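Here is a short report on a protein model. Please look over the sequence and the structure first.

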Number of protein chains: 2
Amino acid sequence: MNTADLELPVSVPSTALFTDQYELTMLQAALRSGTAHRRSVFEVFTRRLPEGRRYGVVAGTGRVLDAVENFRFDANVLDFLRARDVVDEATLRWLADYRFSGDIHGYPEGEVYFPGSPILRVEGSFAECVLLETVVLSILNHDSAVAAAASRMAVAAGDRPLVEMGARRTHELAAVAASRAAYVGGFTKTSDLAAGFRYGIPTAGTSAHAFTLLHDSERDAFTAQVESLGSGTTLLVDTYDIAEAVRTAVEVAGPGLGAVRIDSGDLLLIAHRVRQQLDELGAKNTRIVVTSDLDEYAIASLAAAPVDSYGVGTQLVTGSGHPTCSMVYKLVARGENGEGGTEGAGDGRTEVLRPVAKKGLGGKSTVGGAKWAARPRDADGIAQAEMIGTGPVPDELADAQLQVPLVLGGRTVGREPLDTARDRHRRALAGLPLSATQLSRGEPVLPTEQA
Amino acid sequence: MNTADLELPVSVPSTALFTDQYELTMLQAALRSGTAHRRSVFEVFTRRLPEGRRYGVVAGTGRVLDAVENFRFDANVLDFLRARDVVDEATLRWLADYRFSGDIHGYPEGEVYFPGSPILRVEGSFAECVLLETVVLSILNHDSAVAAAASRMAVAAGDRPLVEMGARRTHELAAVAASRAAYVGGFTKTSDLAAGFRYGIPTAGTSAHAFTLLHDSERDAFTAQVESLGSGTTLLVDTYDIAEAVRTAVEVAGPGLGAVRIDSGDLLLIAHRVRQQLDELGAKNTRIVVTSDLDEYAIASLAAAPVDSYGVGTQLVTGSGHPTCSMVYKLVARGENGEGGTEGAGDGRTEVLRPVAKKGLGGKSTVGGAKWAARPRDADGIAQAEMIGTGPVPDELADAQLQVPLVLGGRTVGREPLDTARDRHRRALAGLPLSATQLSRGEPVLPTEQA
């Protein structure tokens, strides 16, 4: 599937310029020195989870596959690079033919991860792999940050549905990706129409204060809304006086009113009062939707309140305090000119690449060698550790491996429906020790062990 | 200018779906009740700055103008809305002809703002204005958050250039907008090629650890880079041992080496050592570029270090702790059916609209009426207050008004080169009391006063 084939609200003819300039200048130097074609293995991983978080959530994998397929240097892009003198003519000629022909393995979307987990492994020539660094990290760092927040909120919400409403709090296209990541992390719906259009995510809407203020009275507004949208609609009851609004809402819509929305004040207190009032008015099935700067802690604090669903905006799209992950894309092994295979990649190649690692300072060192990852489980199916190693996978861990093929020989093989990733996340979370779902700060719930 | 006419890396055929579903359902109800055509005034403002911040920076205005021009409901978008049963056929017919025909005034891009500043005022029918809420807020909330962080970093950096390198830490298209906002806020260049392509921002690149690790030795890597990119290139010296790398770098490139980059460790200490070593090797003009999770405080702490430029990533694109602003888009005045003009809009209309306001709870109240804003200055040209009022502008404030026309009768009149916004921000900052540029936490540097 090429995204150009889809009728997107935003067509992305090429993702090639979502790239830091140095990727191209390094390419030029490597082409000239003859090292550009050395077989290389790059890995995406993070050295740490955000402080206090117990697990991370892989999200964006499907978008990475789109980005790799659409990573092409069109004529107008090449003209730009030439006009700006970014790289020389030999490099431009090489870029004109660019098409990723290597392999990508990784944790499937929705899976959880821990410090050091080799979330993505990109193998091919140095030239074809290095160019993907920026866009791959953009996608995974953003989407995984949102999915991690969504997952914690979904845990806090339990069986109650969560609606993503954050579009207005983030870049308009980041919002579409955020809706997608939130859905993977456990959200139910989104208010963002572009996310519904692009990814098929169910959409939902309530009503806004502007609609009430537009009318000469709250009763006029409610009447207009119910006449047009039916009594199953959601009426916003906190523009003026909540008790009066609830009374008017049930008078106008009848006891079959779908829902009322509360967007301000002490939600715990107000939800109890509104529930009691609705019940007294006979609107026993009218649901209560709350919104208003909710995060996972606020959601958890409403667990005992008579709330039926949550609308979450700002804190979701900004990763609830952690708007980006710290994933990096590092060269971990390479061959000599034009030679070399992959080690431990399970694809039958036997030539061993040379592990490489940065020494660096301040905790920025890396571990050389292409890595496998496995998550052994106890008799109850609960994960015990995140095992990471280089070289052959120990037999006893063969069935517990985490990485799956996503691209083989340039061909995308890992595409899947978004619901598959969403279901996988639910299962992955259920397979972690119970303390994974505590909202309080703590250590990663699985230790990362080098095998 | 329609963005479809530009050769963009990302063409945006329509921005209409960057919209929360409730905007459309409210439209349907208002069309049916006959209130959709009431003349309305919506205002964008924020109730507070991020905690401790002394000023905000308006950014994204130019992108808002693009988004409004491209807010069209194409056939495939209408088909989607029909298939999902989002709105009824009458509403779909109305949407098919949608084109904003109203007026937009606002603070020009790069201007500073304070709590309550009426940053944008959108006037027209309720129907045409309410639809723009989500995308207008997405753009302003994101871009202004990045610009505010950029501005503080630029203050901390003084005369030293700042390079935006955050693409990998945020959504790939948010990154392009972030580069743009950073440029408005005072950054000099970006590493993001798409930002160079789309907005003409100067681009820059250094080198990465992967390039060094690709080669058999650091010397091989430096030689390859210098042979291809010339001795004016920037060599990355912290892959292994810094002192050895600096020695090798000057040997390979000669004393005319352009720059060395340090990306880890105690930058203050290392910069001093590297400077001394470079000077001793005769490379007195070789610049030192530092990168590594810099924020405005880290930049300020390096003021006395022999650093020539800064590369900033994560903390810039995430707004240095505040990744979104809390701007809202509120109905503040409206007419009766099809009647009414604007009050205080300075366009000669005299009919008075009815001010409307939400009562609400928890600090979410609004102030009714279309607002003017003015910033009077003392004899030295230093701003004294942010004056906000409804009704006629007092004569003595007429020359100190902040809002400018951006769209009149649906026609964009406020487009300007990005450098104009960048220059405006520099001037706006210079016209604030000196305490504006303190990095420490404090109150907004200007009091907001209701006239």
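How many bridges join strand β1 of chain B to β5(B)? There are 6, and strand β1 (residues 39-46) runs antiparallel to β5(B). This is a predicted model: local features need pLDDT of at least 70, side-chain atom pairs count only at pLDDT 80 or more, and totals for chains, interfaces and linings use all residues. Residues are numbered from 1 along each chain as its sequence is written, and side-chain values use heavy atoms, with hydrogens and water left out.

**Strand β5 of chain B**

Strands (E, at least two residues) and helices (H or I, at least four) are DSSP runs, numbered from the N terminus. Two strands pair if DSSP finds at least two bridges between them.

| Partner of β5(B) | Bridges and sense | Residues standing opposite |
|---|---|---|
| β1(B), residues 39-46 | 6 bridges, antiparallel | B:V44 and B:L120 |
| β3(B), residues 103-106 | 4 bridges, antiparallel | B:H105 and B:R121 |

Buried means under 20% relative accessible area, exposed over 50%, partly exposed in between (1.4 Å probe, protein chains only).

**Helix α3 of chain A**

Helix α3(A) covers residues 75-83; A:V77, A:L78, A:F80 and A:L81 are its buried residues. Seen down the axis, they fall within an arc of 155° (directions from the helix axis to the C-beta atoms), so they line one face of the helix. Exposed A:A75 and A:A83 sit on the face turned away from that buried side. The buried residues pack against α1 (21-33) and α4 (89-96) of chain A, together with α8 (193-199) of chain B. A:D85 follows α3(A), with a positive phi near 60°.

Methods: Chains are lettered from A and ligands numbered from 1 in the order in which they are written. Contact means heavy atoms within 4.5 Å.
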